[in-house]
Amino acid sequence: MGFLSLLVYSTVAASIQPALAAPATNGYDYVDPLIGTINGGHVFAGATLPFGMAKAVADATVDNQGGYASNGSPISGFSHMHDSGTGGSSSLANFPLFVVPGCKGDDINGCVFPKNQRAVGVVEGSVSARPGYFSIGLQSGINAEMTVSNHTALYKFSFHGNATGKDAITGPVKPLIFLDLIDLQNSRKSGEARIDPKTGRMTGSGTFVPSFGVGRYTLHYCADFKGGSIRDTGVFVNTRGSNEFKNMTMFEDDGAPIPGGTYLWFDEVKKGHEITARVGLSFISPEKACKNAEEEIPNFNFQNTLNKAEKAWRKKFSVIKIGTGKANQAKGDISMDDLQTIFWSGVYRAMISPQDYTGENPLWESDEPYYDSYYCIWDSFRSIHPFLTLVDPHSQTLMIRSLIDIYRHEGYLPDCRMTLSKGYTQGGSNADIVLVESFLKGITDGVDWETGYEALIKDAEVEAPNWGIEGRGGLLSWKRYGYIPADDFDPFGIGTYTRSISRTVEYAYNDFCIALMAKKLGKEQDYEKYSKRAGNWLNLYKSDQTSIIRGADSGFTGFLQPKYLNGTFGFQDPNFCSPLNNFDSCYGGPQGHETYEGSSWLYTFFAPGDMAALIKTLGGPDEFVRRLDYFHESGLLYVGDEQGFLPVYQYHYAGRPGKSAERIHYYIPSQFNTSLAGIPGNDDSGAMGSFAALSMLGIFPNPGQDVYFITPPFFPSISITNQVTGKTATIKNVNYDAKFKNIYIQSAKLNGRKYTKNYLTHDFFLNGDILELTLGPKESLKWGTGEDDVPPSLSTN
């Protein structure tokens, strides 16, 4: 993840009252799927349904983890499944179609098949995207549009006969479409492809490896075409094609997989002619892929399919209403339209994954839903799942049921999962946090919470044989010493022996969340056990550890440090793996260090279950605020990694909610904006999007708990209708101003009564309550500052 320089964001006054609010419009009209498609954002820009399996887009050749990238790199094909916002290796994009206006010399071997040679340039300014739709123009004279159903991609290719440069051909346009048995990361192990010479139907399968996990998966396809008369069909291998054969098989070898697949060559077409391609997908069989396509898009009707996709997205967005008043006409530093684009685009990206593979799981038989592309829960627990619990509890319920069913059949909850495969763990067993928060917030419909609790206890008590892909490691030491030693002795499982600091604090918070659920269930012994373990983060606190920043003493003492089995401390520079010092040195693998994707500075702030104890440990509220200010202002914090989210709001625990408001108004729009690079790091399946959305609603959560930090929404008013109760909760700003000078809450009323707490619970949304926030230009010394006004902590409740 690259570090983006911060932009200057000034604030000046222009007062607008919520009484002026105009009717809100649907968020669909504000979404820009291209935000985050450059500079490492890796956002999927193509066509998808909410949580859909099929995800169609043009695949770029550079920085293409999300398929398309707005970096000017050429296009190597059009593929039908993707993840969004991930780091590491590119994932999915199996079985790409490649379309050419003809072959040179009108000879099949005049066409270029290898992916690294066939790529064609993009026509500048031709890319267009909105939810459920993507289009692009190529220098080969071909325009491509695409939309999707849940398991099927639908493409419309038009041929204009105006190819330029290396893509130009002499003679009439005789389109050729071929399907390559490959994926983005070139991971194919085997494959087979067939084509029916009469109908042009292509079917086949391929076996690939996951991009951030272990094992293999097999995917199947069924491609049909409409709009042209068939001239020829055949297969290709490497650089050569032949019409003599109509099926082919690719086997695993020691090198990179060579191109191979089937082709369909059409007779001459006129300028502007359209050919439609429908590609069904399945993890079960090619026959199931054909069935999916035929049932979901029976008539190849592009507009009808697009209309259904748009309707699905509008329905998802409809539970949120934004009141803008006359703010659209106000001349702030950022327009209300741009604010809505940032917000709604974040909402949209938070609903791309996890992906609904229900009915497409060949690993076990079950009546439960199956969701995949939890990529990864280490990222998503912090904002994606809290957001979905709030605005789409139906989908969140299905995901919870899916996670519990994965536990039933795989033995552990996943921390990361993609393409039916176990992904790598990054820290704790963080599905624990997702389950507990959902339980606390009333996710119940069809959920087997008895088995869910059993899964949590297994994470906490039974070490996984390979804790690099599930569960926790080092549980012998965790129970015996209360921390993960840097030189841990672990005879019960295998994993990567790094991240001792970050694993310790994450295990502690995992256990805190289990304690919350145990208490709610009346399991007092479990509550006592896991409450005690929840304090283990303190065992790595070295009270005399100093920190040198840019050659000078930072002025702060006391940081988490690695500790050995014998109880003595080791050393890792507190700023190591921050943007100021070897930022990229703390990833996974044996070469990693004692913190993961962040510094000891960052992880010293991570005690979400007992912020009161952390504040006391770090010198009390004033000293804590001074340290947190320094963390934000020195360059140590990178908000483009998900651990950077919570420190924006931890001022609430020190009775300084106004400082949280200051911070979020700095990061939005300096780091989150409407540009193609409008997010500060990988979107990580929508984590950045959901962080922005929750922050702009003024209700960012402490994930794993029933706590929402109150800050003023970025709009005059917001409303959320709960799917379970049907009631609508509303937050209104009094003295809202478009230039955001009035960002400090002076007083609040809940349902007309004085309200001093600086947080809400989920009941606010279930009950359809109304919160009125009176704003001013200076931080209040009264509202939300008292001991009884801050969110609960383990040591004080």
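These legends describe close-up views of a predicted model.

**View 1. Confidence across the protein.** The protein has a mean pLDDT of 94. Of its residues, 96% reach 70 or more. Among the elements, strand 26 (residues 708-710) has the highest mean pLDDT, 99. Helix 1 (residues 115-118) has the lowest, 94. Over residues 1-24, pLDDT stays under 50. The model still has 76 contacts beyond four places in sequence for residues 1-24.

**View 2. Threonine 341 in helix 4.** Helix 4 spans residues 336-349 and holds threonine 341. Threonine 341 has 14% relative accessibility, so it counts as buried, because buried means under 20%. Beyond its neighbours within four places in sequence, threonine 341 contacts Tyr30, Asp32, Ile35 and Thr674.

**View 3. Two cis peptide bonds.** Most peptide bonds are trans. The bond from serine 353 to proline 354 is cis, with omega near 0°. Proline 354 sits in the loop between helix 4 and strand 19 (355-356). Tyrosine 375 and cysteine 376 are also joined by a cis bond, with omega about -5°. Cysteine 376 is in the loop between strand 20 (371-372) and helix 5 (377-380).

**View 4. Two arginines with positive phi.** Most residues other than glycine have a negative phi. Arginine 499 has a positive phi of about 65°. Its loop runs between helix 10 (475-481) and helix 11 (500-521). Arginine 499 is buried, at 5% relative accessible area. Arginine 550 has a phi near 55°. This residue lies in the loop between strand 23 (541-549) and strand 24 (552-560). Arginine 550 is exposed, at 65%.

**View 5. Leucine 781 after strand 32.** Leucine 781 lies in the segment after strand 32 (770-776). Leucine 781 is exposed, at 76% relative accessible area. Glycine 655 is 126 residues away in sequence, yet 9.0 Å away in space, C-alpha to C-alpha.

Notes: Residues numbered from 1 in each chain as written. Predicted model: local features only at pLDDT ≥ 70, side-chain atom pairs only at ≥ 80, totals over all residues. Heavy atoms only, no water. Helix = DSSP H or I, 4+ residues; strand = E, 2+ residues; numbered from the N terminus. Buried < 20%, exposed > 50% of the residue type's maximum accessible area, 1.4 Å probe, protein only. Contact = heavy atoms within 4.5 Å. pLDDT = per-residue confidence, 0-100.
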